[in-house]
Amino acid sequence: MDTKDLINKYRSGQLSSDEEKMLDRCIETGEVSLEELDDLAALKNNFDAMPVPEPSQNMSDAFYANLEATKQKEQRPKAEGNWFSQLWVTQPFLRWAYSVALIIVGLGAGYWLKSGGEDSDKLENLSAEVSEMKEVMMLTLLDKESPSDRLKAVNLTSELPDASAKVTEALLQTLNQDENVNVRLATLEALYPYASHPQVREGLIKSIALQESPLVQMALAEMMVALQEKRSVQNLEKVLKKENTPPEVRERIEKSIEVLI
Amino acid sequence: MDSISDNALMLKVKDGDLDKLGLLFERYRKILFGFFYNMNHDPGLSEDLVQNVFMRILKYRGGFKGDGEFKVWMFHIARNVGHDHYRKNKDRETDEIDNWKDKLGDDQMNREGEIEKGEDLHLLRRVLGRLDKEKMEVLTLSKLEGMKYKNIGDILDCSEGAVKVKVFRALQALKREYMHLKERV
């Protein structure tokens, strides 16, 4: 059916439902325009011609009042920001105060982290384990044949926060029995920090009579003076009595005895 | 109405130059008012709804991308404002329609009647109150100045052809009601 027939049928009100659908399609595709359907076109014209009143001045007034209120609301936070940044620039002490405050906060946080919590316990356990390992390593190295290994072992003791009785005993044994003079001298030095322990002190005094090396004997004599250990005099005199004691050593020991007495 | 310049203005509003919204308001206040007035025939309510549309434009200005026409974006907001209003006032809606019908028979009708001078238009006003909102909306949009079928399609999310069919059906429904009322008069 051609569109003219369709329109004519529409005008006479004789469209079947299929033809109505066809007209819908024609309108959708633009083959038939609404203007061609006279009755509807007239109705549309009437509808379009219906007057609409003018909006009142109140509407405009209310709009501009709302717009102004929104503008002010949005500018306020900006102004506050500017005030702060101006203060920041004009008052340098504020920057200093800010820096100091940050440092204090940092220190506080550090102290808080260090002093409490599970983490610090874990850290303590970990460092205890490391000390234990170092101790075992040191004792193992002391038994090695190489003097350099034994020196390493002796030096390791300086890294231990607090030497156990086992360590000091091993060191005293090294001081008395190690065949290398350098190792014995290093051991003596390593024992010095623990000289306040009665057992170590006792061991050092006993060691004087056992030493053959003049260097170690002199070092021991000096240490006794430093420690103000009067009980060592007896042992020092034993060294003096020895026939093979070199004169330099003898002289040194005599001076030490004089100081101690 | 220059759409490019509408978009340019709205993009400035988006960037914080809120005063430019005043220019858009001046351009569209009558058209928007007409849209709402045709739907509810209440001038006070229509003014309030226009106000709400512009406040929403201000609030959601960040969502304007400038890739479509400002007018289409604005009418999306206007439809939402209208729907929100009718949803909130659903209970009172029937009363409003009744009031509106009363009003048509009273002062406003008589006053406008003097200007319109036509019985057909007189009847048409009474018929409009019986039309459902969707049909009323598409007829109103097609009536607005400068509104093309393509624009309406963008607003209603359908093709230009589908808009023509919607207008056709709305007019048919209007005609049926019109004839029905005419027979009774």
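**Where the chains meet**

B:K30 and A:E54 form a salt bridge, with their closest N and O atoms 3.2 Å apart. Keep in mind as you read that this is a predicted model.

Charges and polar contacts
- Five salt bridges are found across the interface of chain B and chain A.
- Between chain B and chain A, 13 residue pairs are in polar contact.
- On the side of chain B that touches chain A, α2, α3, α7 (119-128), α8 (133-143) and α10 (160-184) each supply at least two residues.
- The largest share of that side, 12 residues, comes from α10(B).

Size of the interface
- The contact involves 44 residues from chain B and 33 residues from chain A.
- Together the two chains bury about 3600 Å², and 69% of this is on carbon and sulfur atoms.
- B:K143, B:F168 and B:L171 supply 17% of the area that chain B buries against chain A, more than any other three residues.

Aromatic rings
- The whole structure holds 13 aromatic pairs over all chains.
- In one pair, the ring centres of B:F25 and B:F54 are 5.1 Å apart and the planes are at 75 degrees, so the pair is edge-to-face.
- B:F25 lies in helix α2 and B:F54 in helix α3 of chain B, so the pair ties together parts that are 29 residues apart in sequence.
- B:F25 is buried, at 0% relative accessible area, and B:F54 is buried at 0% too.
- A:F63, A:Y64, B:F25 and B:F54 form one aromatic cluster.

Lysines over rings
- B:K143 lies over the face of A:F47, 5.2 Å from the ring centre.
- B:K133 lies over the face of B:Y86, at 4.5 Å from the ring centre.

Definitions and conventions: Residues numbered from 1 in each chain as written. Chains lettered and ligands numbered in written order. Predicted model: local features only at pLDDT ≥ 70, side-chain atom pairs only at ≥ 80, totals over all residues. Heavy atoms only, no water. Phe/Tyr/Trp six-rings, centres within 6.5 Å; stacked < 30°, edge-to-face > 60°. Helix = DSSP H or I, 4+ residues; strand = E, 2+ residues; numbered from the N terminus. Buried < 20%, exposed > 50% of the residue type's maximum accessible area, 1.4 Å probe, protein only. Lys NZ or Arg CZ within 6 Å of the ring centre and 35° of its normal. Contact = heavy atoms within 4.5 Å. Buried area = accessible area lost by both parts, 1.4 Å probe. Salt bridge = Lys/Arg side-chain N within 4 Å of Asp/Glu carboxyl O. Polar contact = N/O pair within 3.5 Å; in protein donor to acceptor, adjacent residues only side chain to side chain.
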